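Grab your viewer and work through these exercises with the model open. Try each task before you peek at the solution.

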Amino acid sequence: MNSWFVRDENDARYYAEHIENRLPESVFDAHVHLNLPEHVEKVSAQTVAGDWALQCGMSMSYEEAVAYHEALFPDVAMKMLALPLPLAEADMPANNAYLAGLVGENKVTALMGIRPEWDAESVEKQLLEGEFAGFKPYPYMAASEKGAEVSIFDFLPHHHLKLADRYGKTVLLHLPRKGRLADDDNIREIREIIQKYPGLRLVIAHFGRSFNVVYLREGLRKLGTDKSALYFDTAAVMNPAVHQEGLQQLRTDQILFGTDMPILLWHGKRKWTETEYFNLCREDFPWNRHPYPEDEKNYTFFLYEQVRAMLDALEQSGASRQEIAGVFFKNACRVYQTAGMKTPGNPCRV
Ligand SMILES: [Zn+2]
């Protein structure tokens, strides 16, 4: 575990007041990156320097993830969807093999990392042999900067989509482009995927990178009735207004809880303008300028702020106990676990 990770009294108090007894007994974290240090040893210092998220954590084993889950959510049985660390310089085949091993041991449900240049035959073989629930494509495979103006099909080619469609798998899509979910080209390409490939399930990560409500509101408006065919995960979304908007515009069974560990294990908050967010953080990362040092002792975990914002929004929206259990557990079982199993049975066997 990271040497800086600590759960202090303030965190325990916050958890007891705002989270404990409000979560279902079992929680499915549907967005966890798992990899070993050797999978990322070729990632350059330049790449890390250009991305604040990588500076927070570059590797996390299954055992470390379990330890973080137990420390953060001590009274909850956690299950997880494991994703590789999707970097162009990472050793993707080795990372995939690591995840497939964990699936074989019934420890996780996992998505396979894909590179656009991989041919259909080799992807199909890995997908089926590894019992992966689907694919985790990533824009970094087509462009090195965040929010790059690339097409979804540049990093998620049609020959990969055809496989997901044929085998009824799930694709967890991190959107490219500066306009995020509201970008007209993203909307057009999402529509193309759901129309051409009705056999796959499409989950849009981070509410479509909607860390500000304007992107989600505008994106869902543009999608119109097509939004009903999609799923969204809440990874890294702390903004209460985004959760409220999602619950107003989507069915609860379209929303899946996720944390994006190991990126967000620090203490902090966010502040927002209309279109941007700023991380406020206690821990000393290279990107952290400590703008409000006197406030930092009062920060709790980013993940606690996120979970509280979700619980508050769910309760305010009038969601039932069952719907809350759906968002935090059952929806992910339905969307991912059934797609990852050779013998469908109890979808939450892990
Ligand atoms: Zn992620």
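**Exercise 1. Find how strands β9 and β10 pair, and pick out a facing pair of residues.**

Step 1: β9 (residues 268-272) and β10 (residues 277-281) run antiparallel and share 5 bridges. Helices (H or I, at least four residues) and strands (E, at least two) are DSSP runs, numbered from the N terminus, and two strands pair if DSSP finds at least two bridges between them.

Step 2: 4 residues sit between β9 and β10, and the two strands form a hairpin.

Step 3: Across from Arg 270 you'll find Asn 279 in β10.

Before going on, some housekeeping. Residue numbers start from 1 along each chain as its sequence is written. The model is predicted: local features need pLDDT of at least 70, side-chain atom pairs count only at pLDDT 80 or more, and totals for chains, interfaces and linings use all residues.

**Exercise 2. Work out the strand order of the open sheet of 8 strands and locate its edges.**

Step 1: The order is β1-β2-β3-β4-β5-β6-β7-β8, with parallel pairing.

Step 2: The edge strands are β1 (26-33) and β8, each pairing on one side only.

Step 3: Zoom in on β7 and β8: 2 bridges join these parallel strands, and Asp 233 stands opposite Leu 256 in β8.

**Exercise 3. Decide which residues of helix α12 (residues 240-249) are buried, and what they pack against.**

Step 1: Count C-beta atoms, placed from the backbone: a residue with 20 or more others within 10 Å is buried, one with 12 or fewer is exposed, and anything in between is partly exposed.

Step 2: Val 242, His 243, Glu 245, Gly 246 and Leu 247 come out buried. Ala 241 is also in α12, but it counts as partly exposed because it has 16 C-beta neighbours inside 10 Å.

Step 3: The buried residues of α12 pack against α10 (206-209), α11 (213-223), β7 (231-233), β8 (255-256) and α13 (302-316).

**Exercise 4. Describe how α12 meets α13.**

Step 1: Their axes, lines fitted to C-alpha atoms over the stretch in contact, are 9 Å apart at an angle of about 40° (on a scale from 0 to 180 degrees between N-to-C directions).

Step 2: α12 contributes Pro 240, His 243, Gln 244 and Leu 247 to the contact, while α13 brings Ala 309, Met 310, Asp 312, Ala 313, Leu 314 and Gln 316. Contact here means C-beta atoms, placed from the backbone, within 7 Å.

Terms used:
Contact = placed C-beta atoms within 7 Å.
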